[in-house]
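Here is a short briefing on one protein chain. Look over the sequence and the structure first, then read on.

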Amino acid sequence: MTVPTGWRKSSRSGPNSNCVEVGRVTDGAAVRDTKDRSAGYLTTDRARWSAFVDAIKADRFA
């Protein structure tokens with residue numbers, strides 16, 4: 001995977017807490033804590049990222 005680019009705050013992040021940013025990599029996504037960017041990031045491939053987003057939209061983590 002490549003170095004992430006195009007970081008943006010997740011639309012599911014709250015205004016003051018639970019903030020994450022999503023960046024693009026060649027074949028997937030990267031996720032990092034907005035408040036602690038120096039801690040690094042987690043990357044995943046396109047298929048797993050899509051499944052994760054679908055699960056959030058379906059409220060399977062409630």
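Among contacts in the protein chain between residues at least 6 apart in sequence, what percentage join residues at least 24 apart? The share is 18%, where contact means heavy atoms within 4.5 Å. This is a predicted model, in which local features need pLDDT of at least 70, side-chain atom pairs count only at pLDDT 80 or more, and totals for chains, interfaces and linings use all residues. Residues are numbered from 1 along each chain as its sequence is written, and side-chain values use heavy atoms, with hydrogens and water left out.

**Overall build**

- The protein chain holds four strands and one helix. Helices (H or I, at least four residues) and strands (E, at least two) are DSSP runs, numbered from the N terminus.
- In sequence order, the pattern is β-β-β-β-α.
- The radius of gyration is 12 Å, close to the 11 Å that the globule rule gives for 62 residues, so the protein chain is as compact as a globular protein of that length. The radius is taken over C-alpha atoms, and the rule is 2.2 Å times the number of residues to the power 0.38.
- The C-alpha trace spans about 30 × 30 × 15 Å along its principal axes.

**Surface and charge**

- Of the 62 residues in the protein chain, 24% are buried. Buried means under 20% relative accessible area, exposed means over 50%, and partly exposed lies in between (1.4 Å probe, protein chains only).
- The protein chain exposes about 4,700 Å², and carbon and sulfur atoms supply 50% of that area. Accessible areas come from the Shrake-Rupley method with a 1.4 Å probe; for residues, only the protein chains shown count as cover.
- The chain has 11 positive and 7 negative charges, and their mean positions are 4 Å apart. Lys and Arg count as positive, Asp and Glu as negative; His and the chain ends are not counted. Each charge is placed at NZ of Lys, CZ of Arg, CG of Asp or CD of Glu.

**Strand residues**

- E21 sits in strand β2 (residues 20–25). E21 is buried, at 7% relative accessible area.
- The E21 side chain makes a polar contact of 2.6 Å with the side chain of R32. Another polar contact, of 2.7 Å, joins the side chains of E21 and R37. A polar contact is a pair of N or O atoms within 3.5 Å; within protein, one must be able to donate a hydrogen and the other to accept it, and residues adjacent in sequence count only if both atoms are side-chain atoms.
- Neighbours within four places in sequence aside, E21 is in contact with residues including W7, K9, V31 and T34.
- T44 belongs to strand β4 (residues 42–45). T44 is buried too, with a relative accessible area of 18%.
- T44 and T2 are 42 residues apart along the chain, and their C-alpha atoms are separated by 11 Å.

**Helix residues**

- A47 lies in helix α1 (residues 46–57). A47 counts as exposed, at 59% relative accessibility.
- S50 counts as partly exposed, at 36% relative accessibility.
- The C-alpha atoms of S50 and G28 are 8.7 Å apart, while the two residues are 22 apart along the chain.

**After the helix**

- D59 is in the segment after α1. D59 is exposed, with a relative accessible area of 54%.
- Phi of D59 is positive, near 60 degrees, and D59 is not a glycine. Most residues other than glycine have a negative phi.
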